[in-house]
Amino acid sequence: MTYIFLITGFLLLFIGADFFVSSSANISKTFNINPFFMGLTIVAFGTSSPELSVSLISSLNGSYGLCIGNIIGSNLFNILMVVGALGFIKTLRVDNSILKMEFLFLIFCSITLLLLSMDNSLGKFDGILLLLLFTYYMFSFSPINNYRESIPLIRNNIIKFKDNTKFYDILINIFSLLAIFTGGKMVVDSCLNIVDYLDISSRLIGFTIVAIGTSLPELITSIIASCKNEGDIALGSIIGSNIFNILFVIAIPALINPIAIDSKLIFDSIFTIIATILAFIFIKRENDITKHESLILVFTYIIYIQFFISKS
């Protein structure tokens, strides 16, 4: 019965995230948001909502290994498996400005999280600092970050929003969020039962099963976007999701309850930073990622997971 609840929870997370992205995209079109910014924000937040749900609920339950393991594991899966899958399916062309700004900012955020975690905990001050970085991130990449241009643009968009937005998109948005948090509750409860029954660490199940399960929306969304020649949305979704996971998804639980961090998760965090830098180097060389490089990323993930399980 526990495994049925786990699968049902993942289905609710996946379906909820899918409908959340679709309805949010429909609403955002009235605001003339460019594709890459949409990938960094609307799509990234939607695909990261399962991680937020799982991490928040597991933190409230005191299962900190599941909370942090889910985030670090998801980011590692995104940067190695999802980027690797995109490059293997189709050569992923990347605009140089993305590498200079968003990708470097992701590396900076990853290092910041590592430094904050060195005392084996994340408290309210750490959560506030991460949220301040999140605010900076949202403001910096906002298409209306110029004050003089903001007022008329906001006024015109409010009029468009009233005229063009369909009411059912808003309802779908609300119900999809309910599905996401219901699914998250089912996943966390099921995983805690599995941890007790099999006598394994919550870090192990969070870093593997839960991380992969909650990262499926990123994988599916990015593959679909790439196949439609929307490489900017595909990569923007991955980078944005990882930034959201660090600056928002971890920050919210840290503000509610201080999070104890296993020293082993700090090692996992270091490896995730190395993996992110590796992906950056591959893409930076010729502003794309080849099938050969994609296979290296995928096999790096497989080897590390095998090492991770053997040491847990």
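**Helix contact and ring pairs**

Mentor: In this predicted model, G65, I68, G69, I72, N75, L76, I79 and L80 of α3 meet L265, D268, S269, F271, T272, A275, T276 and A279 of α11. Contact means heavy atoms within 4.5 Å. Local features need pLDDT of at least 70, and side-chain atom pairs count only at pLDDT 80 or more.

Trainee: How do the residues of that contact divide?

Mentor: Nine are nonpolar, six polar and one charged. Asp, Glu, Lys and Arg count as charged; Ala, Val, Leu, Ile, Met, Phe, Trp, Tyr, Cys and Pro as nonpolar; the others, Gly among them, as polar.

Trainee: At what angle do α3 and α11 pack?

Mentor: About 20°, with the axes 9 Å apart. So α3 is roughly parallel to α11 (angles under 35 degrees). Axes are lines fitted to C-alpha atoms over the stretch in contact, with angles from 0 to 180 degrees between N-to-C directions.

Trainee: Switching to rings. How many aromatic pairs?

Mentor: The count is 13. Rings of Phe, Tyr and Trp (its six-membered ring) pair if their centres lie within 6.5 Å.

Trainee: Why is F267 with Y304 stacked?

Mentor: Their planes are at 25° and their centres 6.5 Å apart, so the pair is stacked (planes under 30 degrees apart). F267 sits in α11 and Y304 in α12, 37 residues apart.

Trainee: Buried or exposed, Y304?

Mentor: Buried, at 5% relative accessible area. F267 is partly exposed at 45%. Buried means under 20%, exposed over 50%, partly exposed in between (1.4 Å probe, protein chains only).

Trainee: Which residues do ring pairs link into a cluster?

Mentor: F105, F108, F134, Y136, Y137, F244 and F248.

How values were computed. Residues are numbered from 1 along each chain as its sequence is written. Side-chain values use heavy atoms; hydrogens and water are left out. Rings of Phe, Tyr and Trp (its six-membered ring) pair if their centres lie within 6.5 Å; planes under 30 degrees apart count as stacked, over 60 as edge-to-face and the rest as tilted. Helices (H or I, at least four residues) and strands (E, at least two) are DSSP runs, numbered from the N terminus. Angles under 35 degrees count as roughly parallel, over 145 as roughly antiparallel, 65 to 115 as roughly perpendicular and the rest as oblique.
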